[in-house]
Amino acid sequence: MARKTATMDPGPDAPAGAVPGLERLPAGPTLFVGRRAELAALRAAAARPASGRCPVLVLAGRPGSGRTALAARFARTVAADYPDGVLFARLSAPDGGRVPPARAARLLLEQLDPEAAVPLPGVVEDGRDEPGCVALREALAGLRVLLVLDDVRDAGQVWPLLADESGCLVLATTAGPLTGIEDIDPVILGGLDRTASGELLADLVGGTRVSCDPVGAADLAEACAARPAALRLMAGWLRGSAKTAVTDAARELNRVVGEEPAAGSAPDATAGAKNGSKNGAEPGPGKGSAKSSARSSAKGSAKGSAGAGKAGAGKAAPAGKPSGSEPGDAAEKKGEGATAPEVESAGDPAAWVKPGPEPAEPVPVPDNDPLLGAFTLLYRGLPAAQARMLRTLTLAPAQTADPRTASALVGCPVPDAAATLAALAERELLGEEAPAADGTPRYRVPGRLYPRLVRLREQEDRPAETELARARLLERLVRLTESARALLDPAGGPAPEPLPAALRLRSAEHARAWLLGERELLLGAVADAIGQGDLDGSAGRLVTALLRALPLTGAAAPADLYRLHELVLTVAERNRRPRRASAALLNLGDLQVSAGRWEQAAAHYRAALEHARTADDEPLCARALEGAAGCHRALGDAVRAADWYGRALGLRQSLGDHAAEARLLARVAEAHTAQRRFDEADREYRAALAVLRRIGDDRGRETVGAALADLRERVDAGW
């Protein structure tokens with residue numbers, strides 16, 4: 001049966017006018033039902049008066065509870081109250097990796113002003129003093145902006161981003177504890193109520209099919225623990241099994257949930273299954289035991305989220321009670337009588353966050369969870385090509401792909417990849433992302449399914465096939481990046497061999513939009529390849545292509561280049577290649593100099609000097625010495641500047657580099673002048689003039705001669 005594509009009426013709360021940034025929100029499900037009580041609780045919390053920092057709303061729920069969809073829905077309903085825009089960032093990768101606040105701040109800054117110069121990252125990526133976090137807070141001053149932070153792991157990711165005034169609003173979704181930030185009342189998501197579950201199944205499967213079997217629909221909703229993600233997966237399975245009754249779907253799901261975990265299961269998932277059994281979710285066939293398992297799963301899900309919220313807030317959240325949800329009642333009763341910690345000062349940023357535990361581990365989805373049971377049913381019925389595509393997408397950067405990257409991963413034509421991606425999304429196995437700048441559709445592997453898909457890939461695909469997929473992806477990205485560079489700078493070298501029409505970038509503007517829109521994924525592809533350790537050659541080609549192309553895009557490039565040179569440094573140090581490591585450190589130092597961060601630059605230059613000495617590379621040593629001397633000069637330390645310039649001068653003289661020798665003689669003279677050692681400065685200027693005269697550099701002679709004349713004039717005047 002064909003899936004319904006009509007969208008539901010957004011309702012009276014939808015914003016009337018366009019607000020910048022709404023297109024960045026996840027597309028979300030076409031059909032959205034229920035959650036009226038939770039939406040009302042969020043709106044009430046957002047309307048409360050705030051002072052000091054911007055208020056924070058927390059939406060807590062286990063994987064598959066629909067927290068991201070609800071957050072996007074809420075953002076669209078209140079966007080009109082934040083006319084300066086809506087910003088969106090995910091703070092966890094599908095594999096559970098934690099996104100540091102520095103990187104999140106950089107993404108949010110670029111959304112706020114694409115032309116703004118993003119600060120280079122600091123030495124430590126956490127904390128309110130990190131340059132990107134400081135710049136974001138300064139940029140948000142005086143604005144009314146809604147920040148949606150999805151899948152937050154810990155409070156340390158959030159509090160460095162909080163603006164110093166109350167005009168903005170932060171909505172954070174989380175699966176686990178969010179301890180530390182003061183004055184938070186979490187809205188807790190359990191399962192959908194019975195009416196909403198029935199509406200969702202009827203809309204996705206077909207009203208007649210569900211209405212003819214209301215008992216079966218209720219059984220299926222209970223087997224899914226009324227979690228939206230599990231219900232959607234089962235709806236996708238029913239659409240592909242036109243002859244299967246809804247009652248049979250519930251029975252089949254109960255059977256799969258009661259199966260023993262597959263061989264090779266991850267330890268955390270197996271542990272989760274065992275814990276579930278201890279709590280009364282005994283696996284086994286039969287309707288009664290499966291229902292008990294579903295109820296236990298639903299209760300455990302909501303209680304876990306409730307505990308997470310209470311740890312962060314220190315008090316209950318009665319406004320967040322899920323509509324018709326038993327777990328919400330239990331969570332509310334559990335929090336009765338709790339008191340909020342005393343807030344020292346609303347205006348003191350140090351009082352906004354209290355010491356909390358170390359960053360939380362990702363919340364696992366146990367093997368006997370109905371969400372994974374629904375996925376297993378759906379996956380077993382997939383055509384081989386779709387199943388392979390789904391497994392292979394776990395290799396995509398950030399598990400996000402468009403038809404270009406998907407076709408490279410599986411080695412098929414782009415139109416075939418586009419059709420397969422659309423089919424997987426139609427069956428609820430992929431989430432639809434905001435399209436690329438050129439309108440290309442993009443999809444993402446849901447984090448709740450990622451661990452199981454990785455396990456399936458390791459079991460069903462040969463290692464050689466996985467490595468080939470990675471290599472094809474990197475080669476495709478290299479060619480796309482090189483073609484973008486050729487369009488942006490036709491005089492910069494020969495263009496690569498033309499790509500097929502479906503892959504081709506059409507113009508310089510298209511190339512720039514592609515580079516800017518995909519640079520996080522491109523940088524992620526480099527990092528993934530380097531992390532594997534066996535594709536350094538391919539990763540190196542992509543790094544080279546990006547280093548040539550990204551500077552052509554504009555002001556956002558320095559931070560990108562910094563990350564690339566850091567990745568080059570990682571490869572060089574791992575492979576014990578000191579010459580390449582020294583070059584990467586010199587580039588990092590140069591970027592720090594361009595940002596006016598002299599102390600950080602000097603540290604990079606000193607590290608580069610050590611690597612250059614290990615490689616016995618005198619030109620690199622001289623370059624590092626000169627860079628460090630320039631930092632001391634900028635910091636006003638003339639004594640150290642003269643020392644480091646003098647050491648660099650000795651190396652340049654031994655190498656016979658006369659142009660560099662003259663430049664360094666003038667720098668030494670400047671350092672002597674700053675120390676009021678005028679005779680030594682006069683001597684060095686005259687030596688520089690002699691070298692410049694010998695190599696025939698008339699322009700240099702004019703510059704140095706003017707500096708010498710100025711020095712002598714000041715000495716004669718008694719300076």
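User: In this predicted model, over how many bridges do β2 and strand β3 pair, and in which sense?
Analyst: Strands of a sheet pair through backbone hydrogen bonds, and the pairing can be parallel or antiparallel. β3 covers residues 146-152. The pairing of β2 and β3 is in the parallel sense, over 5 bridges.

User: Which residues of β2 point one way, and which the other way?
Analyst: In a regular strand the side chains alternate between the two faces of the sheet. β2 is mostly covered, with 5 of its 5 residues buried. One way point Val86, Phe88 and Arg90, and the other way point Leu87 and Ala89.

User: Which strands does β1 pair with, β4 over how many bridges and β5 over how many bridges?
Analyst: β1 runs parallel to strand β4 (residues 169-174), and Ala60 stands opposite Thr174 there. With strand β5 (residues 187-188) the sense is also parallel, and Leu59 stands opposite Val187. The bridges number 5 to β4 and 2 to β5.

User: How many residues of β1 are buried?
Analyst: A residue counts as buried under 20% relative accessible area. On one side of β1 the residues are Val56, Val58 and Ala60, on the other Leu57 and Leu59, and all are buried. For strand β1 (residues 56-60) the count is 5 of 5.

User: Is Leu192 buried or exposed?
Analyst: Leu192 is in the loop between β5 and α5 (194-205). Leaving aside neighbours within four places in sequence, it is in contact with Val33, Arg35, Ser197, Leu200, Ala226, Pro228 and Leu231. Pro228 is 36 residues away in sequence, but the two C-alpha atoms are 7.1 Å apart in space. Because its relative accessible area is 8%, Leu192 is buried.

User: Is Gln399 buried or exposed?
Analyst: Gln399 lies in the loop between α14 and β6. Not counting residues up to four places away in sequence, Gln399 touches Pro94, Asp95, Leu393, Thr394, Tyr443, Arg444, Val445 and Tyr450. Its relative accessibility is 7%, so Gln399 counts as buried.

User: Which helices do the buried residues of α14 pack against?
Analyst: In α14 the buried residues are Gln386, Ala387, Met389, Leu390, Arg391 and Thr392. Contact here means heavy atoms within 4.5 Å. The partners are α13 (370-380), α15, α16 (414-426), α17 (450-460) and α18.

User: What volume does the largest cavity have?
Analyst: Rolling a probe the size of a water molecule over the atoms shows where empty space is left. The structure holds 6 cavities of 30 Å³ or more. The space in the largest cavity is about 130 Å³.

User: Which element gives the largest share of the lining of the largest cavity?
Analyst: That lining has 14 residues, and Asp402, Thr405, Leu477, Glu518 and Leu521 lie nearest the cavity's centre. Two or more residues come from each of β6 (400-401), α15 (403-410), α18 (463-488) and α19 (508-532). By class the lining has 8 nonpolar, 2 polar and 4 charged residues. The largest share, 5 residues, comes from α19.

User: Which element gives the most to the lining of the second largest cavity?
Analyst: The second largest cavity has a volume of about 80 Å³, and the residues that line it include Arg388, Leu409, Asp461 and Arg472. The elements giving two or more residues are α14 (384-392) and α18. The lining divides into 3 nonpolar, 2 polar and 5 charged residues. With 4 residues, the element that gives the most is α18.

Conventions. Residues are numbered from 1 along each chain as its sequence is written. This is a predicted model: local features need pLDDT of at least 70, side-chain atom pairs count only at pLDDT 80 or more; totals for chains, interfaces and linings use all residues. Side-chain values use heavy atoms; hydrogens and water are left out. On a 1 Å grid over the protein atoms alone, a cavity is a set of points where a 1.4 Å probe fits but cannot get out, and a pocket is an open set with protein on both sides within 12 Å along at least five of seven lines; lining residues have an atom within 4 Å of a point. Grid points are joined across faces, edges and corners, and a volume is the space filled by probe spheres set on the points. Ala, Val, Leu, Ile, Met, Phe, Trp, Tyr, Cys and Pro count as nonpolar, Asp, Glu, Lys and Arg as charged, and the others, Gly among them, as polar. Buried means under 20% relative accessible area, exposed over 50%, partly exposed in between (1.4 Å probe, protein chains only). Two strands pair if DSSP finds at least two bridges between them.
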